[in-house]
Amino acid sequence: MVSLAARTLAEGEAQGRLLVLDTPLSFWGGLDPTTGRVIDRSHPACGRSLAGRILVMASGRGSSSSSSVLAEAIRRGTAPAGIVLAEPDPIVAVGALVAHRLYRLACPVVVVADLAPLREGGTARITAPAGAPARIELTGSTDEPERSSPAVS
Amino acid sequence: MHLSDLDRSFLAGEAGPAARFAMELLVRFAAAVGAPALLDITRAHVDGCLHHGAVSLDFVEHLVAGRGRVRVPTTLNVGSMDLIHPELVRMEEPARSAGRRLMEAHLALGCEPSFTCAPYQTRFRPRFGEQIAWGESNAIVFANAVIGARTNRYGDFIDLCCALTGRAPAFGLHLDANRRGEVLFRLEGFPASLAATDSLFVAVGHIVGTRAGGRVPVIEGLPPPHGEDQLKALGAVAASVGAVALFHAVGITPEAPTLADALGHRRPAATIAIGPAELRQALAALSTVPAGTPITAVSLGTPHFSLAEFHRLIPLLAGFRPAPGVELYVSTGRETLVALAAAGLDRALERAGVTLVADTCTYVTAVLRRLDGVVMTNSGKWAHYAPGNLGLAGVAFGELEDCIASAAAGRVVRSSPW
């Protein structure tokens, strides 16, 4: 099993199917927190549901109101199960941290150096303890042949 | 991360549960942006009065329950209700009560009932060099660029955490090294007598916002503005179409007495020419309908109209009557409303057919009598956001004088040379 070292921005544990966005999404104006669907008509993933998925995107984007939209989606149970980024994003982190604190609902947000091993269709488990390094385990096979990713365990 | 004794005392809960929560969140935010420490701030502006769902109110009420209290003078941005003229807002229960409750919950934390997006034109205006933590994109860019105060783009939850602790992460625009201009926008191909019209400043703001990316823009070749409201309009549109938090206008803004100063005595990473064609293109992007199109309303005051702007508007209203079916709205802050009332000008404006809106703005909540019509505005920011927010049939941007002429004619009238 491939296991990737990650940095914790918001703690928690999550497991789910990977949903990989090549274009960063602004949750504000881009995510409907009542349904969990992408509503930004200019985004390639428009219409897809993020609910329960492990969302993978390089970075966050856009308005700081994205924190509120993510926190509201977590409250409603329509948010991604967890979020994997390549760059630390304070706006995404704050949304998850606020929801965790107010509702005790975790949506771990972690940062990895290389998103390439995280492929659409695979499944993954995020373990992101507070104040300690996080880990992403790729638990399901993808249609792609195995990559020679550097395994960390 | 280096934390001060005060920071640690907040984390230890010595100032109560709300201050502890605020400091915990602030430290996590600071870690995510790579700040090595926090610094003292002298004021905050909180953009937390617009509802993004139950979480908005839950967060503030959690802080109220935890005995939260702001530690620096803290102004509030617009909410979804006009608490002075509640009858103007066409919102049903329970959204109506929730909007009011959210605004009031912030007051319980000690925030000022300013409810304005132009806190820089109130008695809470910061001074040059002050470290502040502000939300609301147009206020952020005005504070940084026009005043020379220092804030990053704070927002959701974090602006209030800064207010409750009097601290902000030491990164970005708080620090000298990150305030120097990086990309140069140069006005070229204009006559030497280029007039300082509102359209010019809005168009330049649109171009700068679209093309600056994450870099600090420097603008060279702008004529001296007629007042700070033109710089306010430039910054507001730049921060709406892009992520501009600071610009320097050579010879105009305080950190740019010369081009070399604005660039921090380095070469710009890129130079972008702005000519008449680019200006026309930018202005065209702010209107979805041609001249002559019938309108249902004119909306002024985004960002909130200043007293100086009212003094420009009032002479234009001599002999003015809006055409049948056309409303004329002006959004402003409470403090400006009080000043208008003291001079008896609020009644005079209402007699001339003006609907004064306070505490909120016509593009964030349902104030316009018709939300399906075509609306004219003198604001680049309003023209950018309102069609999507409100579902309008169309929008037209124009000079203040053209807006008033259009309200009287009932259709889009243009005299602007651009």
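1. Let's start with chain A. The end C-alpha atoms of residues 25-99 of chain A lie 19 Å apart, and this span is 28% helix and 16% strand. Helices (H or I, at least four residues) and strands (E, at least two) are DSSP runs, numbered from the N terminus. UniProt, in an unreviewed entry, lists residues 25-99 of chain A as "domain: Phosphomevalonate dehydratase small subunit-like". UniProt positions follow the numbering used here, feature names are shortened, and annotations may be inferred rather than shown by experiment.

2. A word on the model before going on. It is predicted: local features need pLDDT of at least 70 and side-chain atom pairs count only at pLDDT 80 or more, while totals for chains, interfaces and linings use all residues. Residues are numbered from 1 along each chain as its sequence is written, and chains are lettered from A and ligands numbered from 1 in the order in which they are written.

3. Now for the place where the chains meet. 19 residues of chain A are in contact with 19 residues of chain B; contact means that the C-beta atoms of two residues, placed from the backbone, lie within 7 Å. On the side of chain A that touches chain B, helix 1 (66-76) and helix 2 (90-103) of chain A each supply at least two residues. Helix 2 of chain A gives the largest share, seven residues. By class, this side of chain A has eleven nonpolar, four polar and four charged residues. Here Ala, Val, Leu, Ile, Met, Phe, Trp, Tyr, Cys and Pro count as nonpolar, Asp, Glu, Lys and Arg as charged, and the others, Gly among them, as polar.

4. One residue of chain A to look up is A:Pro133, in the loop between strand 8 (123-128) and strand 9 (134-138) of chain A. Why does A:Pro133 count as partly exposed? Because A:Pro133 has 13 C-beta neighbours inside 10 Å. A residue is buried if 20 or more other C-beta atoms lie within 10 Å of its own, exposed if 12 or fewer, and partly exposed in between, with C-beta atoms placed from the backbone. Leaving aside neighbours within four places in sequence, A:Pro133 is in contact with A:Ala5 and A:Arg7.

5. Chain B is divided into domain 1 (5-175), domain 2 (180-284) and domain 3 (297-409), with bounds from an automatic or database domain assignment. The C-alpha centres of domain 1 and domain 3 of chain B are 27 Å apart. Between them, 21 residues of domain 1 of chain B are in contact with 18 residues of domain 3 of chain B. The touching side of domain 1 of chain B divides into eleven nonpolar, eight polar and two charged residues.

6. Twelve of the 14 residues of helix 8 of chain B are buried, including B:Leu231 and B:Val237. Their cover includes helix 5 (137-147), helix 7 (198-211), strand 10 (297-305) and helix 14 (380-391) of chain B.

7. Finally, a sheet. Four strands of chain B form an open sheet in the order 8-7-6-9, with parallel pairing; strands pair if DSSP finds at least two bridges between them. Strand 8 (248-249) and strand 9 (270-274) of chain B are the edge strands, each pairing on one side only. Strand 6 (residues 183-187) and strand 9 of chain B pair over five bridges, and B:Phe185 stands opposite B:Ile272 in strand 9 of chain B.
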